[in-house]
Amino acid sequence: MNDLEFEKPLAEIEGKAEELRALARKNEGMDVTKEAAALDKKAADLLRDLYKNLDPWRKCQVARHPDRPHCKDYIDALFTEFTALAGDRNFAEDHAIMGGLARFDDQPVVVIGQEKGSDTKTRIERNFGMARPEGYRKAIRLMDLADRFRLPVVTLVDTPGAYPGKGAEERGQSEAIARSTEKCLQIGVPLISVVIGEGGSGGAVALAPANRVAMLEHSIYSVITPEGCASILWKDAERMREAAMALRLTAQDLLKLGVVDRIIPEPLGGAQRRRDDAIQAVGKAIGEALKDLSGRKPADLVRERREKFLAMGTKGLAA
């Protein structure tokens, strides 16, 4: 596993326990059970202390952890009969956004999400989860399809932001994001969004104006990255810790502000330590949201979604 900077003391203890066990495997007469158990307990206690009260910057690090489950992992584990649909029917296929038809607990749905990739090759192919305009136009096409056939939509948000390259801007990046956001607010079917890692800027908002918005416990959701915020406000990207605190980007702050509806608990140490447990927790939250929204009239779903987002800003952290 890739260890974060603040997890290095924990990695050292876990490494020592594994070294002892490796020695015991080579020497049959050596019994290290007691010593290894003591190190395991020390590591478990330290892990609990580290994750008890993570500050916003450490939550950013956990949300970006390369070993966290990504969109493809959730689709593979939670959805069956997934049929990927490609292209925006205008310019190209964008691999940063994946989506298509699938079944969730045997219910037909449309699932759309941002995929960062899991190794160097796939990260380059997926552009690190940063979509271009054609990616958002593909999402619009899929949401239109869902609306036409009365299929609920599930979106999985995990992106540092939309791709800021010259070509993307030339092809109408901001317009594509705005149209995708608009489409989320217009469709007359249940729309459920889960922030599974980074919810960065307009690139995340384009898929997230949903009837139910959930966040994993250590995910983040903000208008800009802490590094970008620090660069603009103080001309110093190294003040990202201060920016992370000011942005109120954690799931806990956003629940207080009324931006999200639910926090999905993560296993101790983050979703990257027990991936299957985290994926099942997300699946449970999606299932409950679908059950809650089933049977609603299209007009009611649209009105509820609209009123919910118009009301944002009426709740404050001091309230």
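The largest nonpolar core of this predicted model has 33 residues, and Ile112, Tyr136, Val153 and Tyr221 touch the most other members. Several elements give two or more residues to this core: the strands β3 (107-114), β4 (153-159), β5 (191-200) and β6 (212-216), together with the helices α6 (133-148), α8 (173-186) and α12 (251-257). The largest share comes from α6, with five residues. As a general remark, in soluble globular proteins nonpolar side chains tend to be buried together.

Apart from this core lies another one, of 26 residues, which includes Val111, Ile192, Ile286 and Leu293.

Let us now consider Val153. Which residues does Val153 contact, leaving aside its neighbours within four places in sequence? They are Val110, Ile112, Met143, Ala146, Ile187, Val189, Pro190, Leu191 and Ile192.

Seven of the seven residues of β4 are buried, so the strand is largely enclosed by the rest of the structure. In a regular strand, the side chains alternate between the two faces of the sheet. In β4, Val153, Thr155, Val157 and Thr159 point one way, while Val154, Leu156 and Asp158 point the other way.

What are the partners of β4? With β3, strand β4 pairs in the parallel sense over four bridges, and here Val111 stands opposite Val154. With β5, the pairing is also in the parallel sense, over six bridges, and Val154 stands opposite Ile192.

I turn next to the packing of helices. At what angle do the axes of α10 (residues 226-234) and α11 (residues 240-247) cross? They cross at roughly 100 degrees and come within 8 Å. The two helices are therefore roughly perpendicular to each other. From α10, Pro226, Glu227, Cys229, Ala230 and Trp234 take part in the contact; from α11, the residues are Met240, Glu242, Ala243, Ala244 and Leu247. By class, eight of the residues in this contact are nonpolar, none is polar and two are charged.

A second pair of helices is α4 (residues 71-78) and α13 (residues 275-293), which pack at an angle of about 70 degrees with their axes 10 Å apart. This angle makes α4 roughly perpendicular to α13. Here Asp73, Tyr74, Ala77 and Leu78 of α4 meet Arg275, Ala278, Ile279, Gln280, Val282 and Gly283 of α13. The contact of α4 with α13 has six nonpolar, two polar and two charged residues.

Technical notes. Residues are numbered from 1 along each chain as its sequence is written. This is a predicted model: local features need pLDDT of at least 70, side-chain atom pairs count only at pLDDT 80 or more; totals for chains, interfaces and linings use all residues. Side-chain values use heavy atoms; hydrogens and water are left out. Axes are lines fitted to C-alpha atoms, for helices over the stretch in contact, and angles run from 0 to 180 degrees between N-to-C directions. Angles under 35 degrees count as roughly parallel, over 145 as roughly antiparallel, 65 to 115 as roughly perpendicular and the rest as oblique. Contact means heavy atoms within 4.5 Å. Ala, Val, Leu, Ile, Met, Phe, Trp, Tyr, Cys and Pro count as nonpolar, Asp, Glu, Lys and Arg as charged, and the others, Gly among them, as polar. A nonpolar core is a set of buried Ala, Val, Leu, Ile, Met, Phe, Trp, Tyr and Cys residues joined through side-chain atoms within 4.5 Å. Buried means under 20% relative accessible area, exposed over 50%, partly exposed in between (1.4 Å probe, protein chains only). Two strands pair if DSSP finds at least two bridges between them.
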